[in-house]
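The following note concerns the ligand site of the model and the confidence that attaches to it. Please read the points alongside the structure shown here.

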Amino acid sequence: MEVRSRGKSCGENGSTNGSTNGSAIPKELVGSDTAARDNLKMGHDHRVDNSGEFEFGGVWGTGLVMVFFPLLMWYMWVGQVYYNSQFPMPEKGEAIGDFAAKVVELAYECSYPTRKAWLVYWGFLAYQSLLYVTLPGVWAKGNPIPHRNNLRLDYFCNAIWAFYFTIATVIVFHVTRILPITFLVDEFGSLLSVGILSGILVSFIGYFSAIHRGAQHRMTGRFVYDFFMGAELNPRIFGLMDLKMFFEIRLPWFILFLVSCAAAVKQYETLGYVTPQVAFFLLAHWLYTNACCKGEELVVTTWDMSHEKWGYMLIFWNMAGVPLTYCHGVLYLVRHDPSVYRWPAGVNIFLYVFLLCAYYIFDTCNSQKNRFRQMENGTLVVRKTFPQLPWQTLKNPKFIKCKNGGTLLTSGWYGLARKVHYTADFCQLTSWGLICGFASPLPWFLPAFFMTMILHRAWRDTERCAKKYGADWEEYKRQVPYLFIPYVI
Ligand code: NDP
């Protein structure tokens, strides 16, 4: 590992000379920042958002999401357990009120938050905190924070070590029968309720703690909306442990991967073998989790870290939404006899290849842009975490030098389509649905949800960039006319 010093690294050859749209990043841009160019009006009180703009449908939209999403999660689990993996529906002649009462009763029965589930969930969280402060890692610099004198926070990145250490620990717990990993699928419902309740609880703690310490940022004064979006921008414990990073990388993806491991072990224990479909999820969830960990230093400069606040949206999503809804595909597989989803070998091979191709584009596209940003900031961290893929770093990238002092990459994947990584991500998640077939709608919840979320995110980001880069964004759109699929749309 090497942390390159400010102003030294542009492209793998380290050259800093170049011209507009030319072969390297010009000297005057190296070390310039991204966030400071953002259109936050300096001089305003950063704690107040009086833009009058509300996202996600404002108070009503965010309020509905907060009520609706946890209910949906319980509803889907009732469907898995009691309705043969279908969405629960009233029977013929059954009154809606009776049906709703029945679903609530069933949810209570199959997802009661047991003491054991609380202990496992919070023990896991505590263990991850311990790994965070004890294992070796690398340091990365965040984007400058305009309202804190362009301070760049230091982020400690050791998720990759934590990931493999966690796997080793889980194996020990399983082999010694202290906690067999199959707990995750056998008692999933209890864990689901604990995850949901914990997400809500931590959202309240995060919000009121920020208000109490006067650490709020961009507040609109509408409680429901502010609670959803969060109060604090960079919550940290002892100034070191960054809660947004900690919760975004470790908790959701580690649990998701472990649920797949549990499904594989469960199948092996009951059938004597693991089906190619469950093995597919092992690979898919490992790829995603490993990608977040191996490139953790690249996450520190993303939108979530530099712009989003630590509110219900991020907290609930990381503590409950991602780990406990993204796994419905593998839960469906482990709860059904393999004869229900035994595809011809050609179909399985096709889906494995499809997944790997989509992953390759997703990984290299994110890496190209994030490393480009780190190079221009002079904060590139070079790592050898597995797997390092060809074309992750662009040599001599082309870019537009913008009037606001920023740059827009026009090389690599970003030169082919502006959001090709969203498409690749969607393809990965669609393959998670395809491998389960079409007999149950539950594995398809994720691709459908992700498509809606990512389209909205693309629109949100485009609005933000159009404002930030003005005419240069139009020029970027002229040079790279495709949004999601090169030469198509
Ligand atoms: P991006 O990585 O595209 O980040 C958007 C930002 O990148 C823009 O605001 C802009 O910021 C910068 N940017 C845009 N175009 C260019 C360009 N041409 N050159 C340089 N910088 C540019 O998106 P996200 O952070 O939304 O997503 C990252 C990944 O995470 C994606 O693959 C996405 O699919 C995935 N994701 C997955 C989720 C899940 O639940 N599985 C949820 C959300 C995201 P600036 O100019 O300020 O640097």
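**Note on the ligand site**

1. Around the ligand lie 25 residues, of which Y422, D425, D461, K468 and Y469 come nearest; a residue is near if one of its heavy atoms lies within 4 Å of the molecule. This is a predicted model, in which local features need pLDDT of at least 70 and side-chain atom pairs count only at pLDDT 80 or more, while totals for chains, interfaces and linings use all residues. Residues are numbered from 1 along each chain as its sequence is written, and side-chain values use heavy atoms, with hydrogens and water left out.

2. By class, the shell around the ligand holds 14 nonpolar, three polar and eight charged residues. Ala, Val, Leu, Ile, Met, Phe, Trp, Tyr, Cys and Pro count as nonpolar, Asp, Glu, Lys and Arg as charged, and the others, Gly among them, as polar.

3. At least two shell residues come from each of α14 (345-377), β8 (407-409), α16 (420-434) and α17 (445-469). The largest contribution, nine residues, is that of α17. Helices (H or I, at least four residues) and strands (E, at least two) are DSSP runs, numbered from the N terminus.

4. Oxygen atoms of the ligand lie 2.5 Å from a side-chain N or O atom of K468 and 3.2 Å from one of Y414. A ligand nitrogen atom is 2.9 Å from a side-chain N or O atom of Y476.

5. The mean pLDDT (the predictor's confidence in each residue, from 0 to 100) of the protein chain is 91, and 91% of its residues reach 70 or more.

Technical notes
A polar contact is a pair of N or O atoms within 3.5 Å; within protein, one must be able to donate a hydrogen and the other to accept it, and residues adjacent in sequence count only if both atoms are side-chain atoms.
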